[in-house]
Amino acid sequence: MNNRLVVYGLLTFVMLSWGLNVTALKILVVDMAPITMNAFRVFVAGVGVLLMLWLTKSIRKLTLKEYGFLAFISLFNVVGHHLFLSVGLSNTTATNGGLILGLVPILTALVSIPILKTRLSFIKTVGIIIAFFGVSFVVLIGSTGTFSVSIGDAQVFISGFTQAISFALIKKASSTIDARLMTGWMMVIGSVIMFILSFIFEPEGLSTMATTDVKLWSVFFASALIATAFGHMTYNYAIQRIGPSESAVFINLNPLFALLGGVVFLGEAIYIEQGIGFILVVIGVLCGSGAVEHWRKQKKEVQLRPPA
């Protein structure tokens, strides 16, 4: 139980760093080309993870088959997620981006059906419908009061969807490969792929990185080492320890921290539609990710347990 509480505490800190990372990325993409910047940022994070594992003697040589599988997962966990997130945040607000990413637990539950052969109960199905309605409320109405969908909102949704696929794949692979080692290599491999893509989509991307702004580089390295390196390494470790559905419940905190970060650091306004959407997403995720069923099951086990 103590080990589980430690994992819960680490996940709470990770959600804080991820929520604020949405704000950090929004700041970075204003001055730096999104794909190029993310290629460098994720590479720094990956090298940081592998260096830490090497210093703690927790690194091992992988087989060619394992490298191939990690390269495949990195297409979703790193390339798809970070590419669409950074580009999407250049076309929408940090608040909207954070709320849309709150769907990741629901998307994880959905993609786990074909990948991990899980099943959807009635409560999970209702939760999924409520969560999608909540995000739709934010995206379609938002602060304008009219029905519209921005390209940035759609790109952030794709980012969340690719991340959800990767979480299910990570759970499948983590039985043979240490989650922390997976994280480091996926970041390094994925960042190289993104760097190659940057030459196609952002030919002048490297020139945007030539800045001497100390504040900007501070945000860059904090995002790379704290949110991405430590955050993803810890989250993938949690998936290995307590499973993708229970870990995903903590992503409820992500949109809250992202919303607060947008208000405090970017001066974004909070509208009533966003507040209603956030509440609906939280309720939907708690039901749809399996958290409610898990708590009900634990409560029943305690009630049925004979007195000492």
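Student: Which element gives the most to the lining of the largest pocket?

Tutor: Good place to start, and keep in mind that this is a predicted model. The general idea comes first: rolling a probe the size of a water molecule over the atoms shows where empty space is left. Here, α1 is the leading contributor to the lining of the largest pocket, with eight residues.

Student: How many residues line the largest pocket, and which lie nearest its centre?

Tutor: The lining has 16 residues, and those nearest the centre are Leu20, Asn21, Ala24, Val219 and Ala222. Two elements, α1 (2-31) and α10, each give two or more residues to this lining. The space in the largest pocket comes to about 360 Å³.

Student: What is the lining of the largest pocket like by class?

Tutor: It has ten nonpolar, five polar and one charged residues.

Student: Let's turn to single residues. Is Ser74 buried or exposed?

Tutor: Buried means under 20% relative accessible area. Ser74 has 0% relative accessibility, so Ser74 counts as buried. Ser74 sits in helix α3, which spans residues 64-89. Leaving out residues up to four places away in sequence, Ser74 touches Val79, Met186, Ile189, Gly190 and Ile193.

Student: And why does Ala210 count as exposed?

Tutor: The cut-off for exposed is over 50%. Ala210 counts as exposed because its relative accessibility is 70%. Look for Ala210 in the loop between α9 (205-208) and α10 (214-242).

Student: How far apart are Ala210 and Met32 in sequence and in space?

Tutor: In sequence, Ala210 and Met32 are 178 residues apart, while in space they are 9.0 Å apart, C-alpha to C-alpha.

Key
Residues numbered from 1 in each chain as written. Predicted model: local features only at pLDDT ≥ 70, side-chain atom pairs only at ≥ 80, totals over all residues. Heavy atoms only, no water. Helix = DSSP H or I, 4+ residues; strand = E, 2+ residues; numbered from the N terminus. Buried < 20%, exposed > 50% of the residue type's maximum accessible area, 1.4 Å probe, protein only. 1 Å grid on protein atoms, 1.4 Å probe; cavity = no way out; pocket = protein on both sides within 12 Å on 5 of 7 lines; lining within 4 Å. Points joined across faces, edges and corners; volume = space filled by probe spheres on them. Nonpolar A, V, L, I, M, F, W, Y, C, P; charged D, E, K, R; others polar. Contact = heavy atoms within 4.5 Å.
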